[in-house]
Amino acid sequence: MGLDPAHLTVAGPLQDYRHTPASSRAFCPSCGTRLWFRSDRWPGEVFLNVGTLDDPSRFAPGCHVMTADHISWAPMPEGVPEAAGFDQPPMEVP
Amino acid sequence: MTQITGRCLCGAVRFSTPGPVLWAGHCHCDSCRRATSAAFTSFFGVPRASVTWTGAMSAHATSGGTVTRRFCMACGTQMTYEADIWPEETHLYASALDDPSHFRPEAHYHYAERLPWVQITDDLTKHPASADPA
């Protein structure tokens, strides 16, 4: 889920990992839980991993993206909006 | 036999095992969901002694110290789930495989904990909790 990073308050230590200089995937250094994806492509957004929510049932996904890379065994409902890729590359391919 | 190989996002941690794959499926439990920060987790079990590792991992103990989850110290990718009740097994994540298309899920576990917006339409066995009796 994407939201404005200006509205995000973070408590506790986190460790950033940059797969490319332009992208960020931060995680908890104690347990490894992935917290977000960020990219310089979208500086006004932080993409939070939904499994970290206290109540992940609150935000049902509205679309599937990168479906060109979809793995056959991953359940994907029919009839939901999907996009084969992004309109701009996410800048995470080294 | 063809080796089953995988790696973390940054590539610092790698594993290799000849198998065999003991079971494979999707887990919907809250702790797997939170550890992988995804809607559910797809993983499989192999004999613990069969896995060869390279690279540095951190360990995080959960479930009162009876479960250990290990992850890459550099990029955070979750690599293993190991539980005291299955001391001969290591559970590896399908998404860490070098070729995840080889994964063949057989069942859903902790299906009673699945998120309401996760739509499953397959014919796989749905275990309300673990496949093993508590």
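Student: Is S37(B) buried or exposed?

Tutor: Please note first that this is a predicted model. S37(B) is buried, because 23 other C-beta atoms lie within 10 Å, and a residue counts as buried at 20 or more.

Student: Where is S37(B) found in chain B?

Tutor: S37(B) sits in the loop between α1 and β4 (41-47) of chain B.

Student: What is the phi of S37(B)?

Tutor: Phi of S37(B) is near 50°, which is a positive value in a residue other than glycine.

Student: And what about the phi of S63(B)?

Tutor: S63(B) is not a glycine either, and its phi is positive, at about 50°. S63(B) belongs to the loop between β6 and β7 of chain B.

Student: Does S63(B) count as buried or exposed, and why?

Tutor: S63(B) counts as exposed, because it has 12 C-beta neighbours inside 10 Å, and the cut-off for an exposed residue is 12 or fewer.

Student: Still on chain B, which peptide bond is cis?

Tutor: The bond from G19(B) to P20(B) is cis, with omega near 5°. P20(B) lies in the loop that connects β2 (14-17) and β3 (23-27) of chain B.

Student: Now the contact between the chains. How many residues does it take from each chain?

Tutor: The contact takes 22 residues from chain A and 27 residues from chain B.

Student: Which elements of chain B give two or more residues to that contact?

Tutor: On the side of chain B that touches chain A, they are α1 (30-36), β6 (57-62) and β7 (67-72) of chain B. α1(B) gives the most, with 4 residues.

Student: How do the residues on that side divide into nonpolar, polar and charged?

Tutor: The side of chain B that touches chain A has 15 nonpolar, 8 polar and 4 charged residues.

Student: Could we look at S57(A)? What is it in contact with, leaving aside its neighbours within four places in sequence?

Tutor: With those neighbours set aside, S57(A) is in contact with L115(B) and P116(B). S57(A) is in the loop between β4 (46-48) and β5 (64-65) of chain A.

Student: Is S57(A) buried or exposed?

Tutor: S57(A) is exposed, because 12 other C-beta atoms lie within 10 Å.

Student: How far apart are S57(A) and P29(A)?

Tutor: From C-alpha to C-alpha, S57(A) and P29(A) are 26 Å apart in space, and they are 28 residues apart in sequence.

Student: Changing topic, what is the secondary structure of chain A?

Tutor: Chain A has 0 helices and 6 strands, so its pattern along the sequence reads β-β-β-β-β-β.

Student: In what order do the strands form the open sheet of chain A?

Tutor: The order of the 4 strands is β1-β4-β3-β2 (chain A), with antiparallel pairing. The edge strands, each of which pairs on one side only, are β1 (2-3) and β2 (23-27) of chain A.

Student: What holds paired strands together, in general?

Tutor: Strands of a sheet pair through backbone hydrogen bonds, in either a parallel or an antiparallel sense.

Student: Which residue is the bridge partner of W36(A)?

Tutor: The partner is L48(A), in β4(A). Strand β3 (residues 34-39) of chain A pairs with β4(A) over 2 bridges, in the antiparallel sense.

Student: Lastly, what percentage of chain A counts as buried, and what does its C-alpha trace span?

Tutor: Of the 94 residues of chain A, 16% count as buried. The C-alpha trace of chain A spans about 40 × 35 × 25 Å along its principal axes.

Note on methods:
Residues numbered from 1 in each chain as written. Chains lettered and ligands numbered in written order. Predicted model: local features only at pLDDT ≥ 70, side-chain atom pairs only at ≥ 80, totals over all residues. Contact = placed C-beta atoms within 7 Å. Nonpolar A, V, L, I, M, F, W, Y, C, P; charged D, E, K, R; others polar. Pairing = 2+ DSSP bridges.
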